[in-house]
Amino acid sequence: MSAATLSTTTATKPITAFVPYSGNEFTRHTIEHLRRSGLVNKIYLLAVVAEADLAGCETLEVDAVTSSRTIDLMIKHAAGSHALLVTQNTPIEFVEHGVERMHQVAETTGAGLVYSDYFDIDKKQKRTPHPVNDYQLGSIRDDFNFGSVLLFDANNAKTADAEIAGPDYKFAGLYALRLAVSRRTQVLRIAEFLYSKIEIDTRKSGEKQFDYVDPRNRAVQIEMEQVATDHLKRIGAYLRPDFKPLNMEDGHWEVEASVIIPVKNREKTIAEAVDSVLKQKCDFKFNIIIVDNHSSDGTTRILRDYAKKDPRVIHVIPERTDLGIGGCWNEGIHHLQCGRFAVQLDSDDLYSDESTLRRVVEVFRKEKVAMVIGSYKMTNYQLQDIPPGVIDHKEWTPDNGRNNALRINGLGAPRAFYTPVLRKLNVPNVSYGEDYAVGLAISRDHQIGRIYEPVYLCRRWEGNTDADLDIVKHNTFNAYKDKLRTFEILARQRKNSGK
């Protein structure tokens, strides 16, 4: 990205606006709303071809709204104190004084970037509140939802753009800019619904979450990883590929591996999950520790029957009643019969064949790693393949995987741990993101082994915790993972400083 020069002309109105345009009539409506504020000095249409023709607007020919070239053009043409960017080609309708409110907060706080909550408009023109999350140190994932309207401090954006000059990103230009801005000044959310928009991506939350592992998006992900890695280096949180060695022969273990299954009210699926473990063919002893979190359906009865028939099945009902999935994991890994390696299986999923457990342990033995993560195949309840198919996380590399892990939303499955390491960490007592938390923490010091062929079947059905989340729950989960990233970035900064 080349350094851009901000116009020295003093604008009587403080905002220069940049709006995507592809010939849609609704752009005219968006522009009318911008002009009503009285704060917009000039409006530029961002178009693929320089044929846009809306009265009072100029056209900038761009390749994509998020490219480095577009960001450079925007900064070069920002004549006032602030640059307003509409990031999606969708109708935008500001509430009364909405633009003024955004500018007021930006001006009075000196924030480098301001964004706000908004309303979603459906086909029946019904408005639904869509709150977004506050930005924090750990909000470095590239899919952070700012909404569709961003207000930048123009001078700050100019300096940030000059700082990241060099790479010419087709997809990650805007991502690089907002990270650079965040390194210099505040990124602030206005917890007010300042505009309405029509949501372009109407997929369920459970469908969107795998976009970053879709092979069709590989070129995008390569750029995003480059930007995120550069950001971590600049803030002192990048980790070089130096790892602590492990001695896998420590201690005496009755079994080599334990499959840990936390479960609550899964009478429809738990038997199939257990059966998929019992049929494993291994050259070592293993057991199953099933932590039954006070099920109230037929799950407990099913598990008691299994435990009576097969000594490898250990049915545990915790004394505590305040455990999430993470707390159940702690019950399992601290159990006296837990093996050298603790291997995950969710209560509604299956191992893909009889070799899964053996293959996981082989990686531990060969690579001496603290954690192993496999690949899985998405299926429906009837075990039929569904999109996006195989989730293999091939974006993970031995040298940079633990840095890129701070950008993405998950690490894969099944997850397996060298038990002594996990016992020292323990698992957060939550029911979402607990696996991501320990994966980040382990990767801070230790290498993680990978299996890139599917060894696990992940069933997507209405009983899943993240199949289709409402906005509030989705934001809660995202905010928690951002907080985990915040903790991890701070920890890595301290590690690099020698503290």
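Tyr-115, Tyr-135, Phe-144 and Phe-146 form one aromatic cluster. This is a predicted model. The chain has 15 helices and 18 strands. Its radius of gyration is 25 Å, close to the 23 Å that the globule rule gives for 499 residues, so the chain is as compact as a globular protein of that length.

**Aromatic rings**

- The structure holds 14 aromatic pairs.
- One of them joins Tyr-135 and Phe-146: the ring centres are 5.8 Å apart and the planes meet at 25°, so the pair is stacked. Planes under 30 degrees apart count as stacked.
- Tyr-135 and Phe-146 both lie in the loop between β7 (127-130) and β8 (149-153), eleven residues apart.
- Tyr-135 is buried, and Phe-146 is buried too.
- Phe-341 and Phe-364 make another stacked pair, with 4.3 Å from centre to centre and 15° between the planes.
- Phe-341 belongs to strand β13 (residues 341-344) and Phe-364 to helix α11 (residues 356-367), so this pair ties together parts that are 23 residues apart in sequence.
- Phe-341 counts as buried because its relative accessibility is 1%. The cut-off for buried is under 20%.
- Phe-364 has 0% relative accessibility, so it also counts as buried.

**Charges over rings**

- Lys-233 places its charged end over the ring of Tyr-238, 4.9 Å from the ring centre.
- Arg-459 does this with Tyr-381: its charged end sits over the ring, 5.0 Å from the centre.

**The chain as a whole**

- Along the principal axes, the C-alpha atoms fill a box of roughly 80 × 55 × 40 Å.
- Of the 499 residues in the chain, 57% are buried.
- Take the contacts between residues at least 6 apart in sequence: 80% of them join residues at least 24 apart.
- The chain exposes about 21800 Å², and carbon and sulfur atoms supply 49% of that area.

**Helix α1**

- Helix α1 covers residues 26-36, and its buried residues are Thr-27, Thr-30, Ile-31, His-33 and Leu-34.
- Seen down the axis of α1, these buried residues fall within an arc of 160°, so they line one face of the helix.
- The buried residues of α1 pack against several strands, among them β1 (15-20), β2 (40-47) and β3 (57-61). Their other partners include β4, β5 (92-94) and helix α3 (98-109).
- Gly-38 follows α1 and has a positive phi, near 75°.

**Helix α4**

- Helix α4 runs over residues 154-163, and Ala-154, Asn-156, Ala-157, Ala-160 and Asp-161 are its buried residues.
- The buried residues fall within an arc of 155° when seen down the axis of α4, so they line one face of this helix.
- The partners they pack against are α2 (68-77), β4 (82-86), β8 and α5 (173-184).

**Cis peptide bonds**

- The peptide bond from Pro-387 to Pro-388 is cis, with omega near 5°. Pro-388 is in strand β16 (residues 385-391).
- Ala-413 and Pro-414 are also joined by a cis peptide bond, with omega about 0°. Pro-414 is in the loop between α12 (401-404) and β17 (415-418).

- His-97 is not a glycine, yet its phi is positive, about 65°. This histidine is in the loop between β5 and α3.
- His-393 is another residue other than glycine with a positive phi, here near 50°. His-393 lies in the loop between β16 and α12.
- His-393 has a relative accessible area of 1%, so it is buried.

Key
Residues numbered from 1 in each chain as written. Predicted model: local features only at pLDDT ≥ 70, side-chain atom pairs only at ≥ 80, totals over all residues. Heavy atoms only, no water. Phe/Tyr/Trp six-rings, centres within 6.5 Å; stacked < 30°, edge-to-face > 60°. Helix = DSSP H or I, 4+ residues; strand = E, 2+ residues; numbered from the N terminus. Buried < 20%, exposed > 50% of the residue type's maximum accessible area, 1.4 Å probe, protein only. Lys NZ or Arg CZ within 6 Å of the ring centre and 35° of its normal. Rg over C-alpha atoms; globule rule 2.2 N^0.38 Å. Contact = heavy atoms within 4.5 Å. Areas by Shrake-Rupley, 256 points an atom, 1.4 Å probe, with all protein chains shown as cover. Arc of directions from axis to C-beta.
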